[in-house]
Each structure stands twice: as C-alpha cells, then as structure tokens.
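Trainee: Please put the model up. I want to set each term against its cut-off.

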2 protein chains.
Amino acid sequence: MALSVMDSPVFDAAFAHRLDLLLAWRRDVRRFRRDPVDEAVLRACLAAAHLAPSVGNSRPWRFVRVSDPSRREAVAASFAACNALAAGGYEGERAARYRSLKLAGLREAPVHLAVFCDRGTGAGLGLGRATMPETLDYSVVGAVQCLWLAARARGLGLGWVSILDPCRVTEILAVPPSWGLIAYLCLGLPQEEHSDPELERHGWQAEDRSGATLFER
Amino acid sequence: MALSVMDSPVFDAAFAHRLDLLLAWRRDVRRFRRDPVDEAVLRACLAAAHLAPSVGNSRPWRFVRVSDPSRREAVAASFAACNALAAGGYEGERAARYRSLKLAGLREAPVHLAVFCDRGTGAGLGLGRATMPETLDYSVVGAVQCLWLAARARGLGLGWVSILDPCRVTEILAVPPSWGLIAYLCLGLPQEEHSDPELERHGWQAEDRSGATLFER
C-alpha cells in the first residue's frame with residue numbers, strides 16, 4: 001500500500017554521506033568467494049531492483065537465476081570465446097595486458113542472474129516511449145543499478161559481464177522471444193573490497209576524469 | 001586517492017533499510033517548486049553520478065545544464081509536439097486520460113540537465129563492449145540512476161522526460177556529433193512526495209507486479 005505524504009521520510013546529511021560512500025565502494029567485482037548467497041538477502045536485492053524507475057511504469061525487467069551447471073558452463077564458454085576475440089583486437093604489450101586482466105567471475109560466483117527486457121510488455125500501454133523506445137531497455141539498466149547498490153549495502157559484490165554473445169546467451173537460457181538480454185550478472189561475497197576501479201588498479205588505464213565536467217548551454 | 005581495503009566501510013542493516021526507503025521514495029517528479037537548486041548540492045549530485053559503473057571504466061556520460069531560455073523553450077516545444085502525437089495514438093476515454101496526465105515539469109523545474117553518451121570516447125580502450133556495444137549507452141543510464149538517488153537523498157526531485165525528439169534536442173543543444181542523447185532531466189524541489197508511481201495514483205494503470213518474479217533456469 002502506498003504511504004501518504006505525511007509519512008515522507010527525511011534523509012539527513014549523514015545518510016547522504018553514507019550513500020556517497022556506498023556509491024564509491026560499489027565497484028564491479030570479479031573475485032568472489034564461493035559461499036552461497038542467503039536466499040532472503042537475494043530476495044531483498046531483487047525487491048530493491050523492482051523499485052527502479054521505468055518508462056511509463058512498465059517494469060520490463062525480467063530476472064533469471066541461472067543455476068543449471070550445463071547452462072552456466074555454456075555461458076562461461078561464450079565469455080571465453082568473446083574474450084579471446086576481444087584480446088585479438090589489441091596489439092603487443094596492450095594485448096598481453098588485456099590477457100592478464102580478470103574480467104569476469106563466472107566460475108566462482110555462487111549466483112548468476114541474467115537480466116532481460118521484455119520488449120513485448122503491455123504494461124504502461126507504451127506511455128513515454130514513442131519517440132525514444134530505447135528507454136524500455138534503459139529501465140532495465142536502472143533496475144540493475146538498484147540491485148547493485150542494494151547488494152553492496154548487504155555486503156555482496158556484483159560483477160556485470162558484458163563480454164558475451166547476447167544471442168547465444170538468450171538461446172542458452174531459452175527465454176521468450178520478446179526478451180532481449182540487457183545484462184549478465186555475477187553475485188556473491190567479494191574476496192576484496194575497493195573504492196577504485198579494478199582497471200585502474202591493474203594498470204589498464206590511468207585515473208580518468210572523463211564525464212566529470214558540467215557543460216553549459 | 002583510492003582507499004585501502006582496511007578502510008572498507010561496513011553498511012549495517014539500518015542503512016540497508018534506509019536505502020530501501022530511498023529507493024521507494026525516489027519516484028519520477030513532474031511537479032516542481034520554482035526555488036533555485038543550491039549549486040553545491042547540484043555539484044554533489046553530479047559527483048555521485050560520476051561514481052556510477054561504466055563499461056571498461058569509460059565514463060562516457062556528458063552532463064549539460066540547459067539554462068538559456070530560448071533553448072529551454074525549444075525543448076519544451078519538442079515535448080509538446082511529441083506529447084500531442086503520442087496522445088493521438090490512444091482512443092476515446094484512454095486518450096482523454098492520457099491528456100489529463102502531467103508528464104513533465106519542464107516549465108517549472110529550475111534545473112534542466114541533458115545527459116549524453118560520448119560514443120566516440122577512447123576512455124577504456126573499448127574494453128568490454130565489442131559484443132554488446134550498447135553497454136556504453138547503458139553506462140550513462142547508470143549515472144542517471146546514481147544522480148537520481150543522490151538528489152532524492154538531498155531532498156530534490158528528478159523527472160526523466162522521454163517524450164522528446166532526441167535529434168531535435170541534440171540540435172537545440174549544439175553538442176559534438178559523437179554525443180547521443182540518453183536522458184533529459186528536470187531537477188528541483190518537489191511539490192509533493194510519494195512512494196507510489198504517479199501513473200498509478202492518477203489512474204493510468206492499476207498497480208502492476210510485472211518483473212517481480214524470479215525465473216529459474
């Protein structure tokens with residue numbers, strides 16, 4: 001049931017500071033402990049994802065937990081193939097550095113979540129997406145972001161694996177034809193916690209401030 | 001400077017609960033007070049956005065504050081045109097209901113932020129997006145989500161306006177050709193605060209639980 005405006009919470013400066021800390025320590029995790037994830041905690045994270053904004057209130061996200069070993073193996077194989085191909089796109093020392101990076105924790109993470117957008121959903125009756133239909137997919141990204149923060153707030157790490165063939169993953173998971181893959185997530189307890197990006201820490205790139213400028217028009 | 005793992009913060013159950021409250025009261029805001037937004041608060045929200053995850057740590061988000069009255073007027077005109085067209089897609093009582101909805105606060109919101117993806121960025125050297133290049137755009141959506149939560153935690157409301165012609169908005173704002181529009185945001189103090197979606201409260205749709213299921217594979 002919706003709460004009335006009288007119940008509106010006040011978020012104080014201490015909470016805002018704590019939220020900034022959460023955002024800084026959110027990070028993409030690829031090094032997982034194998035301990036199982038508590039089912040109630042997973043459900044709480046998914047409930048948080050369901051609070052994400054969505055275009056026309058369409059809630060097009062579809063979360064699929066991938067537990068079947070042969071399906072997980074097939075996803076890991078797609079990663080390995082795509083990653084080898086991507087490595088081939090770099091040369092010399094850069095290629096060697098690419099190959100030295102750990103870019104996914106598919107083998108260790110106790111929970112795999114594939115996240116789809118149901119592009120055929122009737123929810124919201126198409127409101128808000130006639131001119132920018134991509135906002136339906138974007139709504140699913142927002143849900144992933146909420147899940148990520150809710151997980152980190154509960155001590156879990158999440159890694160978004162994008163080095164995959166989305167058609168192959170969709171096929172492996174045998175989902176309805178109107179579902180498009182948005183994200184493939186690894187979830188579990190992290191081996192390490194950091195406030196800096198793994199790619200900077202492992203020498204792929206220098207610290208970058210791209211995007212920090214506010215442009216004026 | 002990156003903090004070492006020794007400084008890793010602990011987020012307790014009270015914080016996780018408070019975060020869930022923030023997610024629930026985040027909402028899309030279309031009814032703004034005209035009071036200006038404190039510059040330091042705006043900067044804090046943008047700093048939060050900059051902590052978002054991005055594919056290959058590419059940070060492709062580009063935030064543009066739109067203050068020029070003629071540009072703001074032109075964006076509002078694009079909204080009006082697209083909204084009239086969208087209303088024409090519904091019939092009878094549904095069309096009347098559509099027309100009764102307030103779908104943007106462009107005229108009242110003190111701050112307009114256009115958010116672009118720099119699809120030509122070299123940051124991250126293309127890592128992670130060979131097979132799913134759309135993850136570059138998705139990274140910008142994650143930044144919008146972080147901004148949204150940081151704003152709400154500081155008492156501000158944000159509304160995402162998607163009923164726009166993205167080519168027209170890009171033209172109005174005269175941004176570099178490699179920038180693609182992801183979101184157009186209104187920001188300001190909200191007139192009202194709610195924990196339920198405006199579209200449900202105003203009778204566009206019944207409460208919907210689409211997406212709340214966890215599918216198993």
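Mentor: Start with two helices of chain B, H3 (residues 69-87) and H6 (residues 166-173). Their axes come within 10 Å and cross at roughly 175°. Axes are lines fitted to C-alpha atoms, for helices over the stretch in contact, and angles run from 0 to 180 degrees between N-to-C directions.

Trainee: What makes H3(B) roughly antiparallel to H6(B)?

Mentor: Angles under 35 degrees count as roughly parallel, over 145 as roughly antiparallel, 65 to 115 as roughly perpendicular and the rest as oblique. The crossing is at roughly 175°, so H3(B) is roughly antiparallel to H6(B).

Trainee: Which residues meet there?

Mentor: B:Arg71, B:Ala74, B:Val75 and B:Ser78 of H3(B) meet B:Arg168, B:Val169, B:Ile172 and B:Leu173 of H6(B). Contact means that C-beta atoms, placed from the backbone, lie within 7 Å. By class, this contact has five nonpolar, one polar and two charged residues. Nonpolar covers Ala, Val, Leu, Ile, Met, Phe, Trp, Tyr, Cys and Pro; Asp, Glu, Lys and Arg are charged; the others, Gly among them, are polar.

Trainee: What should I know about the model and its numbering?

Mentor: It is a predicted model: local features need pLDDT of at least 70, side-chain atom pairs count only at pLDDT 80 or more, and totals for chains, interfaces and linings use all residues. Residues are numbered from 1 along each chain as its sequence is written, with chains lettered from A and ligands numbered from 1 in the order in which they are written.

Trainee: How many helices and strands does chain A have?

Mentor: Seven helices and five strands. Both are DSSP runs, numbered from the N terminus: helices are H or I with at least four residues, strands are E with at least two. From the N terminus, the elements run α-α-β-α-α-β-α-β-α-β-α-β.

Trainee: How do you know that the radius of gyration of chain A agrees with a compact globule?

Mentor: The radius is taken over C-alpha atoms, and the globule rule is 2.2 Å times the number of residues to the power 0.38. For 217 residues the rule gives a value near 17 Å; chain A has 19 Å, which agrees. Along the principal axes, its C-alpha atoms fill a box of roughly 60 × 45 × 45 Å.

Trainee: How many residues are in contact between the chains?

Mentor: 85 residues of chain A touch 85 residues of chain B. The side of chain A has 47 nonpolar, 19 polar and 19 charged residues.

Trainee: What makes E5(A) and E1(B) a strand pair?

Mentor: Two strands pair if DSSP finds at least two bridges between them. E5(A) and E1(B) (residues 61-65) have three bridges, in the parallel sense. A:Leu214 has B:Phe63 as its bridge partner, and A:Glu216 stands opposite B:Arg65.

Trainee: Which strands form the open sheet with E5(A)?

Mentor: Five, in the order E5(A)-E1(B)-E2(B)-E4(B)-E3(B), with mixed pairing. E5(A) and E3(B) (157-161) each have a single partner strand, so one side of each lacks a neighbour in the sheet. Neighbouring strands are turned by 30° against each other on average, direction ignored.

Trainee: Which helices lie on this sheet?

Mentor: H5(B) (residues 135-153) is one of them; it touches E1, E2, E3 and E4 of chain B, at about 10° to E4(B). H6(B) lies across E1, E2 and E4 of chain B, at about 80° to E4(B).

Terms used
Contact = placed C-beta atoms within 7 Å.
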